[in-house]
Amino acid sequence: MGRPLVHRSPMPGLGLSMGITLTMLSLVVLLPIGALLLKGASYGIEGIWETVNRERVWAALFLSFRLSLFAAVFNLIFGVLLAWVLVRYRFPGRRILDASVDLPFALPTAVAGIALTALYAPNGAFGSLAASIGWKIAYSQWGILLALVFVGLPFVTRTVQPVVEEIEREVEEASATLGATRLHTLRHVIAPMLAPAALTGFALALARAVGEYGSVIFIAGNIPLVTEIAPLLIVIQLEEFNYDAAAAIGIAMLLISFAMLLVINLIQVWSRRRIGYV
Amino acid sequence: MTIAISSLTKSFGPTHVLRGIDLGIEAGELVALLGPSGSGKTTLLKIIAGLDWPDAGALAVDGQDWLALPAQKRRIGFVFQSYALFPHMTVRDNIAFGLTVRPRAERPGKSVIAARVDQLLGLLQIPHLADRFPTQLSGGQRQRVALGRALAIEPSVLLLDEPFGALDAAIRRDLRRWLREVHEATKSTTIFVTHDQEEAFEMADRVVVMGEGRIEQIGTADQIHDHPASPFVARFMGAVVELPVALRAGRVEAAGLDASALERRAMADGPARLFLRPDAIALEPDAASPWVLSHKASNGAVIRATLRREDGTELPVDLLRHSAPEVTLGAAYRLRPLTGAVFSAEGAAQSGGPSPLPLLKEHRK
Ligand SMILES: Nc1ncnc2c1ncn2[C@@H]1O[C@H](COP(=O)(O)OP(=O)(O)OP(=O)(O)O)[C@@H](O)[C@H]1O
Ligand SMILES: [Mg+2]
């Protein structure tokens with residue numbers, strides 16, 4: 001009698017739950033992407049290239065990814081800071097601030113876009129202030145950046161917050177007794193511990209920003225070559241029943257996003273191997 | 001380094017955690033802080049380390065006022081109960097941390113640091129673990145790394161907070177002996193916290209017994225066992241048998257009690273309380289005694305006998321199974337304590353005999 005070749009997992013119901021998960025994943029994620037790629041395949045690589053290789057499309061793609069990256073970097077810094085403050089400090093209004101971090105999740109993006117536009121338009125509360133020093137926020141790339149920061153912030157804060165909660169005070173105290181200054185502790189002890197979660201939050205915020213449509217179109221002004229984002233270009237093509245072109249731009253975005261997320265994942269794998277935990 | 005602590009007090013809001021601590025520690029001494037949970041041991045240790053500040057009092061090390069010095073400047077080796085290793089660094093980097101953080105001018109060269117770490121890894125008997133991360137270590141191994149990290153900076157004072165709390169009995173025993181050896185080798189002034197008496201007495205030159213934010217007694221194992229300074233210390237040392245007695249001409253008297261083995265006390269006549277350890281009582285058959293053996297159980301080495309009086313009072317006695325004379329259920333026995341502590345009925349501490357410490361004027365329970 002040989003030992004069974006299949007080692008059963010100690011987790012009950014692994015087979016069943018795995019099956020359900022894979023089915024759902026296929027239906028919700030893989031199938032639409034597959035359909036998109038199929039659509040593109042019928043169009044042909046040349047067709048795609050022809051659609052994408054136009055000044056207006058390149059400008060939109062470049063704008064979308066550049067501003068998304070800026071917004072994600074800003075969110076990375078500010079989101080980690082916010083998570084730190086929320087966990088470590090006790091101040092009046094902390095709970096309200098904590099709850100309001102989720103607002104961008106809950107608010108319909110169009111509402112967020114309209115509200116931001118109202119505030120930052122040249123005749124809005126903050127917009128007029130900025131205008132007085134010659135700074136145009138709404139209907140410029142600044143406005144797009146603002147909207148992308150708004151929708152992406154909770155991703156970083158909410159991924160980093162539980163990790164900050166878990167950091168033992170004693171680890172910091174140990175660092176202090178060993179002679180490390182506060183700054184050194186922050187850079188060499190705390191930052192590396194937060195890095196994996198912060199990177200995950202960064203990737204999420206970036207992905208969200210790239211795909212964001214609703215809030216941006218209100219504040220962007222949508223001037224071709226200047227403030228026109230790639231998702232808007234797709235919608236414009238759809239409205240003209242130009243499905244092939246829409247799919248082509250979609251595929252271009254998909255490829256660039258995939259490449260960026262891949263790089264982030266590789267960084268994570270590398271840092272985890274180097275850090276050796278998580 | 002000599003440490004002088006005087007009248008240290010500390011409260012967290014309404015709770016008084018330290019109520020006036022006076023303690024002097026000699027250079028190179030190994031002192032144990034022993035006390036029940038919540039007695040303020042960790043708080044005292046953190047104040048010495050500069051991780052917390054007292055409300056009042058003074059802390060001087062070699063004459064220097066340490067309360068004016070931040071933790072970074074004190075050169076303390078602190079070993080936390082939870083170890084608090086840096087999870088993203090290897091064992092080697094953890095141990096080297098205290099050396100690599102030094103400002104460039106004072107920092108030893110890379111090769112010097114590596115050599116120092118290697119030497120410590122040898123001393124800790126974990127050279128094979130140098131490249132592992134803390135999550136890949138057992139509790140005892142983490143403990144050693146935490147100690148190595150603290151020793152690397154050649155600390156002026158080594159502070160250990162329940163260093164063996166989370167380990168099993170066999171490893172505790174090994175590490176105890178080993179820590180004692182490390183102390184002999186490094187000769188750094190060391191304070192360690194524990195609530196295990198055996199550990200405290202086995203390792204320390206002197207033991208400081210703390211209770212509710214006060215120092216109850218300072219002394220060696222023998223001094224504290226034989227002459228507890230207060231009912232609190234007596235109870236904490238295991239003298240759980242508490243008998244009301246009468247004092248006459250320095251001797252304690254009670255029905256069924258033969259106190260002839262106890263030394264005379266220079267105490268006024270009157271009611272008093274006698275504290276005894278269950279294992280320091282011999283039983284002698286005496287039909288006139290009110291104490292009757294009601295129960296006995298053996299754990300192999302020790303027979304735990306329960307004696308009962310007519311009014312329902314019970315007391316435990318531990319007899320060595322192989323050397324104590326046989327006892328029978330239902331028979332009456334006289335108690336013959338070998339050592340014991342006497343306190344006057346009001347609870348004022350008076351144990352008689354040489355006292356290792358100025359006795360506390362009051363003991364609040
Ligand atoms: N940061 C704090 N805030 C409020 N109370 C505290 C704080 N730290 C300690 N205490 C209180 O101070 C008292 C003494 O705490 P401490 O940690 O010094 O006890 P300990 O003797 O080390 O106990 P243990 O053996 O359980 O570790 C406890 O009642 C505890 O609740
Ligand atoms: Mg403690």
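In the predicted model, helix α9 (residues 169-177) of chain A is mostly covered, with seven of its nine residues buried (under 20% relative accessible area, 1.4 Å probe, protein chains only). Helices (H or I, at least four residues) and strands (E, at least two) are DSSP runs, numbered from the N terminus. The buried residues of α9(A) are Val171(A), Glu172(A), Glu173(A), Ala174(A), Ser175(A), Ala176(A) and Thr177(A). These residues pack against α3 (55-88) and α10 (182-211) of chain A, together with α1 (41-49), β6 (76-79), α2 (91-100) and α4 of chain B; contact means heavy atoms within 4.5 Å. After α9(A) comes Gly179(A), which has a positive phi near 100°.

In chain B, the axes of helix α4 (residues 139-152) and helix α5 (residues 169-186) come within 13 Å and cross at roughly 10°. The two helices, α4(B) and α5(B), are therefore roughly parallel to each other (angles under 35 degrees). Gln143(B), Arg144(B), Leu147(B) and Leu151(B) of α4(B) meet Leu175(B), Trp178(B), Leu179(B) and Val182(B) of α5(B).

Strand β19 (residues 341-344) of chain B is covered on both faces: Ala341(B) and Phe343(B) are buried on one side, Val342(B) and Ser344(B) on the other. Strand β13 (residues 270-276) of chain B pairs with β19(B) in the antiparallel sense over four bridges, pairing requiring at least two DSSP bridges. Within β19(B), Ala341(B) is the bridge partner of Phe275(B).

Residues are numbered from 1 along each chain as its sequence is written, and chains are lettered from A and ligands numbered from 1 in the order in which they are written. Local features need pLDDT of at least 70 and side-chain atom pairs count only at pLDDT 80 or more, whereas totals for chains, interfaces and linings use all residues; side-chain values use heavy atoms, with hydrogens and water left out.

Terms used:
Buried means under 20% relative accessible area, exposed over 50%, partly exposed in between (1.4 Å probe, protein chains only). Axes are lines fitted to C-alpha atoms, for helices over the stretch in contact, and angles run from 0 to 180 degrees between N-to-C directions. Angles under 35 degrees count as roughly parallel, over 145 as roughly antiparallel, 65 to 115 as roughly perpendicular and the rest as oblique.
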